[in-house]
Amino acid sequence: MSARWSGSASRSARALWQSRIDAAGGWPCCRCGRLVLPGVTSGKYWQPDHWPVPRELGGTETVPAHAKCNLSAGGKRGAAITNARRLPPAGRIETRPGRW
Ligand SMILES: [Zn+2]
């Protein structure tokens, strides 16, 4: 069980990015590229996302991302790991030869 990224580091990152987003009039989401709009507090709408190095790989830099983009990216990473484990051994992947 890894420690959750929370507490003072998370709070200061959110506060820092909130002021940057508000001052800049929006900041591109690092996941989808659309603007994270100013004046909306972090949490359900946006979150400081560990980018470009994921937190589990030791990343400490954060960039704003929409909460849903951040969560779906994390879900995809997890699914990719799970799917990789489920892949059948090489050579057992069925191919369908044409009938003619
Ligand atoms: Zn986004």
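What share of the contacts in the protein chain with a separation of 6 or more comes from residues 24 or more positions apart? The share is 37%, where two residues are in contact if their C-beta atoms, placed from the backbone, lie within 7 Å.

Colleagues, a word on the basis of these values. This is a predicted model, in which local features need pLDDT of at least 70, side-chain atom pairs count only at pLDDT 80 or more, and totals for chains, interfaces and linings use all residues. Residues are numbered from 1 along each chain as its sequence is written.

The protein chain holds two helices and four strands, in the order α-β-β-β-β-α along the sequence. Helices (H or I, at least four residues) and strands (E, at least two) are DSSP runs, numbered from the N terminus. Of its 100 residues, 19% are buried; a residue is buried if 20 or more other C-beta atoms lie within 10 Å of its own, exposed if 12 or fewer, and partly exposed in between, with C-beta atoms placed from the backbone.

I turn to helix H1. H1 has 17 residues and reaches 24 Å from its first C-alpha to its last, close to the 24 Å expected at 1.5 Å a residue, that span being 1.5 Å times one less than the number of residues. Buried in H1 are Ala13, Trp17, Gln18 and Ile21. Seen down the axis of H1, the buried residues fall within an arc of 135°, so they line one face of the helix; the arc is that of the directions from the helix axis to the C-beta atoms. These buried residues pack against strands S1, S2, S3 and S4. The face turned away carries exposed residues, including Arg11, Ala15 and Leu16. Ala15 counts as exposed because 12 other C-beta atoms lie within 10 Å.

Next, strand S3. Five of the five residues of S3 (residues 46–50) are buried, so the strand is largely enclosed by the rest of the structure. On one side lie Trp46, Pro48 and His50, and on the other Gln47 and Asp49. S3 runs antiparallel to S4 (residues 62–66), and five bridges join them; strands pair if DSSP finds at least two bridges between them. Trp46 has His66 as its bridge partner in S4.

Finally, the core. The largest nonpolar core has ten residues, among them Trp17, Ile21, Trp46 and Cys69; such a core is a set of buried Ala, Val, Leu, Ile, Met, Phe, Trp, Tyr and Cys residues joined through C-beta atoms within 7 Å. Helix H1 gives the most to this core, with three residues.
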